[in-house]
Amino acid sequence: MNLEGIEKEIRYTFQNKELLKTALTHTSYAYEKHIDSNEKLEFLGDSILEFLSSRYLFTHYKNLREGEMTKVRATVVCEKSLYKIATKHHFGDYLLLGKSEKINGGNKRPAILADSVEAIIAAMYLDGGLEVVNTFIIENLKEEIEQASKHVGDKDYKTVLQEKLQEAGDVKIEYEIIKESGPDHDKSFEAQVKFNGKVLAKGSGKSKKGAEMQAAKKALENLK
């Protein structure tokens, strides 16, 4: 297995190539070949990722409170972000997958790719130490952390609307999905928000939550 390509992608050359190979070994392949999979490395990588992202937030974002740092970390350390890292560095081209998993496009599945990032993080740590992997993590998550930190204090439209309407005392705010359209893979929703039984506004979106948020946004605009 030629590992030079992925080493160039992550900007790190392994002393122990077997560690990197194991990090790229999915359970489906390991089962077929009777070798170790990347599951244990993934477990370790998850903890390392959480620690190093926490350390970076603590050191570089002194204006954030504890709860805000937790929110930023949760936004950034997630399957979506790890999947982006994996696709950016073409991890899918190097994954060792079982026959059925390969046929079913496992090298493009977000969960498998995200897990491979955690496994490679652990492998880098075991091979080269904490600061080696810290460089990789921060280089890949720095912009995501910056964006998340800018919006961590923002309140969503539903919360703002509720706070505004509750200034008058106890109120009843309801959201209803009044319309669904489109095929299952590309649905659209329309929602309305009611205040004490009266419709304030309607909104649409690609998810129920998104439609409700747009209805709340329009209601706020109407109230102004």
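Before you click anything, here is one term: a residue is buried under 20% relative accessible area, exposed over 50%, and partly exposed in between, using a 1.4 Å probe and protein chains only. The model is predicted, so local features need pLDDT of at least 70 and side-chain atom pairs count only at pLDDT 80 or more, while totals for chains, interfaces and linings use all residues. Numbering runs from 1 along each chain as its sequence is written, and side-chain values use heavy atoms, with hydrogens and water left out.

**Stop 1: two loop residues**

Select His 90. With a relative accessible area of 40%, His 90 is partly exposed. You'll find His 90 in the loop between H6 and helix H7 (99–103); helices (H or I, at least four residues) and strands (E, at least two) are DSSP runs, numbered from the N terminus. His 90 is not a glycine, yet it has a positive phi of about 60°.

Now pick Arg 11, in the loop between H1 and H2. Arg 11 also has a positive phi of about 60° without being a glycine. Its relative accessibility is 68%, so Arg 11 counts as exposed.

**Stop 2: helix H4**

Select residues 39–60. The 22 residues of helix H4 should span 32 Å at 1.5 Å a residue, and the end C-alpha atoms are 31 Å apart, which agrees. The expected span here is 1.5 Å times one less than the number of residues.

Next, colour the buried residues of H4: Leu 41, Glu 42, Gly 45, Ile 48, Leu 49, Leu 52, Ser 53, Tyr 56 and Leu 57. They cover an arc of only 165° around the axis, which puts them on the same side of H4. That arc is taken from the directions from the helix axis to the C-beta atoms.

What covers them? Helices H2 (17–23), H5 (66–76), H6 (79–88), H8 (110–128) and H9 (130–151) are included in the cover.

**Stop 3: the largest nonpolar core**

A nonpolar core is a set of buried Ala, Val, Leu, Ile, Met, Phe, Trp, Tyr and Cys residues joined through side-chain atoms within 4.5 Å. The largest has 46 residues, and Phe 91, Ile 120 and Ile 137 touch the most other members. Helix H1 (4–10), H2, H4, H5, H6, H8 and H9 each supply at least two residues of this core. H8 gives the most, with 10 residues.

Zoom in on Phe 91. Apart from neighbours within four places in sequence, its contacts (heavy atoms within 4.5 Å) include Ile 6, Leu 113, Ile 120 and Phe 136.

**Stop 4: a buried loop residue**

Thr 25 is in the loop between H2 and helix H3 (27–33). Is Thr 25 buried or exposed? At 2% relative accessibility, Thr 25 counts as buried. Not counting residues up to four places away in sequence, Thr 25 touches Ala 30, Ile 35, Asp 36, Ser 37, Asn 38 and Leu 96.

**Stop 5: strand S2**

Finish at Ala 191, in strand S2 (residues 188–195). Ala 191 has 0% relative accessibility, so it counts as buried. Beyond neighbours within four places in sequence, Ala 191 is in contact with residues including Ile 177, Ala 201, Ala 211 and Ala 215. Now show Glu 101 as well: Ala 191 and Glu 101 are 90 residues apart in sequence and 39 Å apart in space, C-alpha to C-alpha.
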